Amino acid sequence: MKGTVSICCLLSLLLLQARAEEEEDFTSSLRDRSHIDETLRLAEEEKAGDYAAALQKLRKIYHTSIKPMEQAYKYNELRQHEISAYPGRTLGDSATDGEITSKPMVLFLGPWSVGKSSMINYLLGLQDSPYQLYTGAEPTTSEFTVIMHGEKIRSIEGIVMAADSSRSFSPLEKFGQNFLEKLIGIEMPHKLLERVTFVDTPGIIENRKQQERGYPFNDVCQWFIDRADLIFVVFDPTKLDVGLELEMLFRQLKGRESQIRIILNKADSLATQDLMRVYGALFWSLAPLINVTEPPRVYVSSFWPYDYAPDTSRDLFKREEISLLEDLNQVIENRMENKIAFIRQHGIRVRIHGLLVDRYVQTFKEKMSFFSDAELVFKEIVDDPDKFYIFKSILAKTNVSKFDLPNRDAYRDFFGINPITSFKPLSSQCSYIGGCLLEKIEKAITHELPALLSSINSGKQPGLSSCEATGCGEKPKNRYRKN
């Protein structure tokens with residue numbers, strides 16, 4: 001009996017020793033993450049005062065110079081990629097400010113189970129924690145998951161995110177309640193999330209019909225693509241084929257090539273010769289989808305927390321990973337410049353829209369007579385704007401590029417919803433206190449926003465009165481002198 005007990009105790013000790021050795025080997029197989037903090041400079045403190053001052057100035061320029069014309073000519077009903085959630089919001093509402101003040105967004109796209117969620121877990125150090133994103137060999141991510149900074153770790157339902165006006169996700173309500181049930185937010189305290197927001201998306205499954213998702217998947221992807229500062233399109237060696245859904249996704253990425261980073265993940269699962277063949281096959285698959293003069297950069301590595309497989313190009317993989325992290329750090333450091341450029345681009349589009357609506361209004365009034373049928377006259381103008389030189393007159397009389405002009409057909413739909421008689425010409429959009437809408441938006445585009453950008457680049461703190469006292473480039477005026 002005693003011998004049996006001794007054998008059992010010995011076996012128990014051997015099992016515990018073996019388990020401890022396995023845990024030690026497992027711990028030692030984790031990859032060193034120090035280069036992530038180093039490359040992204042997470043230990044450095046940011047100059048919050050300068051950034052907040054610039055953000056306050058940018059918000060002021062938008063509300064005083066761009067938003068009035070945006071509302072007067074209902075720009076948000078022409079463009080689906082609006083900066084604000086809904087037209088008609090008041091200055092005190094933070095829905096517009098939510099997008100202006102939001103952190104840079106990094107969007108993860110690609111086929112199912114290529115390592116998108118594992119990559120986020122790796123960047124944030126969430127592996128083996130209760131808060132890591134669920135991963136697996138099967139399709140695991142069925143929701144759009146927004147990972148953002150918060151004081152404590154918690155999850156937020158999509159319905160709550162859309163209803164919270166302090167966030168930038170209010171426009172997502174237009175995709176319906178079925179989608180909001182597939183939207184989830186995760187807040188956690190993390191140095192990287194103080195500077196950037198990650199969005200994990202459902203993997204692309206080519207044999208699934210879009211209708212089976214229960215919401216407009218491509219439209220939702222387009223919304224996030226339009227707001228993303230960096231887009232990671234992830235592949236792995238087993239999923240290189242391009243189907244209809246992936247082809248549609250790359251069509252939506254047209255014009256955003258500078259923000260796309262193509263990643264060949266799980267590269268350490270192949271021998272060097274096989275990896276070269278897979279790399280070439282990926283280029284062959286993507287070549288018809290990316291119409292740019294330069295070939296896209298493909299980052300080859302294995303983005304997960306465990307060490308690279310033996311006998312693989314670990315030095316190459318680490319250099320590729322650091323190169324991708326440097327791109328991410330560049331987006332973080334240039335976030336203020338990117339916001340200013342985005343607001344200025346938005347202002348240019350609003351100005352062009354205002355000029356076009358004004359030209360439509362003027363042409364309509366010129367062609368109308370006492371005996372004219374208003375509906376027939378305007379139908380003729382909208383159906384053939386070139387006959388009345390609507391767009392050509394804008395190019396001839398204003399500083400507008402022909403490449404920035406919107407689609408002519410869009411105005412047929414726009415005026416179908418908004419009667420031409422509901423708009424005033426730009427010449428009458430002036431007030432004694434507020435000034436003229438056109439002058440204010442042109443001043444913002446040509447003086448105020450470039451001056452703010454220059455102050456950011458030169459390292460000066462932008463004062464709120466930099467353009468208000470002298471008018472940006474104008475001589476100081478004596479307000480007490482009688483003209």
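Q: Why is S65 called buried?
A: S65 has a relative accessible area of 6%, and buried means under 20%, exposed over 50% and partly exposed in between, with a 1.4 Å probe and protein chains only. S65 is therefore buried. The residue lies in helix α3.

Q: On what kind of model do these values rest, and how are residues numbered?
A: This is a predicted model, in which local features need pLDDT of at least 70, side-chain atom pairs count only at pLDDT 80 or more, and totals for chains, interfaces and linings use all residues. Residues are numbered from 1 along each chain as its sequence is written, and side-chain values use heavy atoms, with hydrogens and water left out.

Q: Which residues does S65 touch, not counting residues up to four places away in sequence?
A: S65 touches K440, I441, A444 and E448. Contact here means heavy atoms within 4.5 Å.

Q: How many helices and strands are there in the protein, and what makes a run count as one?
A: There are 16 helices and 10 strands. Both are DSSP runs numbered from the N terminus: helices are H or I with at least four residues, and strands are E with at least two.

Q: What share of the protein is buried?
A: Buried residues make up 45% of the 483 residues. As for contacts with a separation of 6 or more, 78% of them are accounted for by residues 24 or more positions apart.

Q: Why are α12 and α16 called roughly antiparallel?
A: The axes of α12 and helix α16 (residues 437-458) cross at roughly 170° and come within 10 Å. Axes are lines fitted to C-alpha atoms, for helices over the stretch in contact, and angles run from 0 to 180 degrees between N-to-C directions. Angles under 35 degrees count as roughly parallel, over 145 as roughly antiparallel, 65 to 115 as roughly perpendicular and the rest as oblique. The two helices are therefore roughly antiparallel to each other.

Q: What classes of residue make up the contact of α12 with α16?
A: Among the residues of α12 that meet α16 are M336, I340 and L355, and among those of α16 are L438, I445 and I456. By class, this contact has 14 nonpolar, two polar and four charged residues. Ala, Val, Leu, Ile, Met, Phe, Trp, Tyr, Cys and Pro count as nonpolar, Asp, Glu, Lys and Arg as charged, and the others, Gly among them, as polar.

Q: What makes α12 oblique to α13?
A: Helix α12 (residues 335-367) and helix α13 (residues 374-383) pack at an angle of about 135°, with their axes 10 Å apart. That angle makes α12 oblique to α13. The contact is made by Y360, T363, F364 and K367 of α12 together with A374, V377, F378, I381 and V382 of α13. Seven nonpolar, one polar and one charged residues form this contact of α12 with α13.

Q: How do you know that strand β7 is largely enclosed by the rest of the structure?
A: Five of the five residues of strand β7 (residues 260-264) are buried, so the strand is largely enclosed. I260, I262 and L264 point one way from β7, whereas R261 and I263 point the other way. In a regular strand the side chains alternate between the two faces of the sheet.

Q: What joins strand β6 to β7?
A: Five bridges join β6 (residues 230-235) to β7, and the two run parallel. Two strands pair if DSSP finds at least two bridges between them. F232 stands opposite R261 in β7.

Q: What makes helix α5 mostly covered?
A: Nine of the nine residues of α5 (residues 116-124) are buried, including K116, N121 and Y122. Just after α5, G125 takes a positive phi of about 65°.

Q: Why does K74 count as partly exposed?
A: K74 has 31% relative accessibility, so K74 counts as partly exposed. The residue is found in the loop between α3 (48-72) and α4 (95-100), and has a positive phi of about 50° although it is not a glycine.

Q: Why is D311 called exposed?
A: D311 is exposed because its relative accessible area is 80%. D311 lies in the loop between β8 (298-300) and α11 (314-333), with a positive phi of about 60° although it is not a glycine.
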